[in-house]
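Student: I'd like to learn how to read a protein model. Could you walk me through this one, feature by feature?

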Amino acid sequence: MEKWIIDGVKKNIIQVSNSKKSLFFYVNLSKRYLQQYDEVELSGLGMAINTVVTIVEILKDSGFAVEKKIRTLTIDMRDDPGARPLPKAKIEVSLGKSADFDELMAAEQDQKEIEGSDEQN
């Protein structure tokens, strides 16, 4: 069994909302998941699809991640248990660590430490 599946549940999935958290919250969370699991899956419904795509492009363009799989689908959502189902678009994007991931993360950490010591002085 994959190391990121615990009790039959994937632990490396980030469900993105376009209103609850900032874009860079998800970018940084994705980096932590890549460090921990070597792969991360970002998923979003409806209006959050744009946010997922933006996060993926930031991670790819900055060299942290490579795209492994993109899946689009339509799922039925219900506002209330007895309501008619409404179709919603969904995207799932799987990313893996880039070859330079560890080096980039180390450089980012060094930069944070430099900025932290500058603030203390």
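Predicted model: local features only at pLDDT ≥ 70, side-chain atom pairs only at ≥ 80, totals over all residues.

Student: Where is Asp38 found?

Tutor: Asp38 is in the loop between helix 1 (23-37) and strand 4. As for the backbone, most residues other than glycine have a negative phi. Here, phi of Asp38 is near 70 degrees, which is a positive value in a residue that isn't glycine.

Student: Can we step back to the whole chain? How many helices and strands does the protein chain have?

Tutor: There are 3 helices and 6 strands in the protein chain. Starting at the N terminus, you'd read the elements as β-β-β-α-β-α-β-β-α. The chain has 121 residues, and 31% of them count as buried.

Student: Now the sheet, please. In what order do the strands of the open sheet lie?

Tutor: The general idea is that strands of a sheet pair through backbone hydrogen bonds, either parallel or antiparallel. In this model, an open sheet of 4 strands has the order 3-4-6-5, and its pairing is mixed. Strand 3 (13-16) and strand 5 are at the edges with a single partner strand each, so one side of each has no neighbour in the sheet. From one strand to the next, the twist averages 20 degrees.

Student: Which sense, parallel or antiparallel, does each pair take?

Tutor: Let's go across the sheet. Strand 3 pairs with strand 4 (residues 39-45) in the parallel sense, over 4 bridges. Two contacts to find there are Ile14, whose bridge partner in strand 4 is Leu42, and Gln15, whose partner in strand 4 is Ser43. Next, strand 4 and strand 6 are antiparallel, with 7 bridges. Leu42 turns up again here, standing opposite Val93 in strand 6. Finally, strand 5 and strand 6 pair in the antiparallel sense over 12 bridges, and Ala65 stands opposite Lys97 in strand 6.

Student: Is strand 4 largely enclosed or left open by the rest of the structure?

Tutor: Count its buried residues: 5 of the 7 residues of strand 4 are buried, so strand 4 is largely enclosed by the rest of the structure.

Student: What about pockets? How much space lies in the largest pocket?

Tutor: The largest pocket holds about 250 Å³ of space. Its lining has 13 residues, and the closest to the pocket centre are Val16, Ser17, Gly44, Leu45 and Ala48. Strand 3, strand 4 and strand 6 (86-97) are the elements giving two or more residues to that lining. Strand 4 supplies the largest share, 3 residues.

Student: Let's turn to the rings. How many aromatic pairs are there in the whole structure?

Tutor: First, the idea: a pair of aromatic rings is described by the distance of the centres and the angle of the planes. A search of the whole structure turns up 3 aromatic pairs. In one of them, the rings of Phe25 and Tyr26 have centres 5.3 Å apart and planes at 80 degrees, so this pair is edge-to-face. Phe25 is partly exposed at 32% relative accessibility, whereas Tyr26 is buried at 4%.

Student: Why is the pair of Phe64 and Phe101 called edge-to-face?

Tutor: The planes of Phe64 and Phe101 are at 80 degrees, with the ring centres 6.0 Å apart, so the pair is edge-to-face. This pair links distant parts of the chain: Phe64 is in the loop between helix 2 (48-61) and strand 5 (65-77), while Phe101 is in helix 3 (residues 101-120), 37 residues apart. Both Phe64 and Phe101 are buried.

Student: Which lysines sit over the rings of Phe25 and Phe64?

Tutor: Look at Lys21 first: Lys21 lies over the face of Phe25, 5.0 Å from the ring centre. For Phe64, the charged end of Lys31 sits over the ring, at 4.2 Å from its centre.

Terms used: Residues numbered from 1 in each chain as written. Heavy atoms only, no water. Phe/Tyr/Trp six-rings, centres within 6.5 Å; stacked < 30°, edge-to-face > 60°. Buried < 20%, exposed > 50% of the residue type's maximum accessible area, 1.4 Å probe, protein only. Lys NZ or Arg CZ within 6 Å of the ring centre and 35° of its normal. Pairing = 2+ DSSP bridges. Axes fitted to C-alpha atoms, helices over the stretch in contact; angles between N-to-C directions. 1 Å grid on protein atoms, 1.4 Å probe; cavity = no way out; pocket = protein on both sides within 12 Å on 5 of 7 lines; lining within 4 Å. Points joined across faces, edges and corners; volume = space filled by probe spheres on them.
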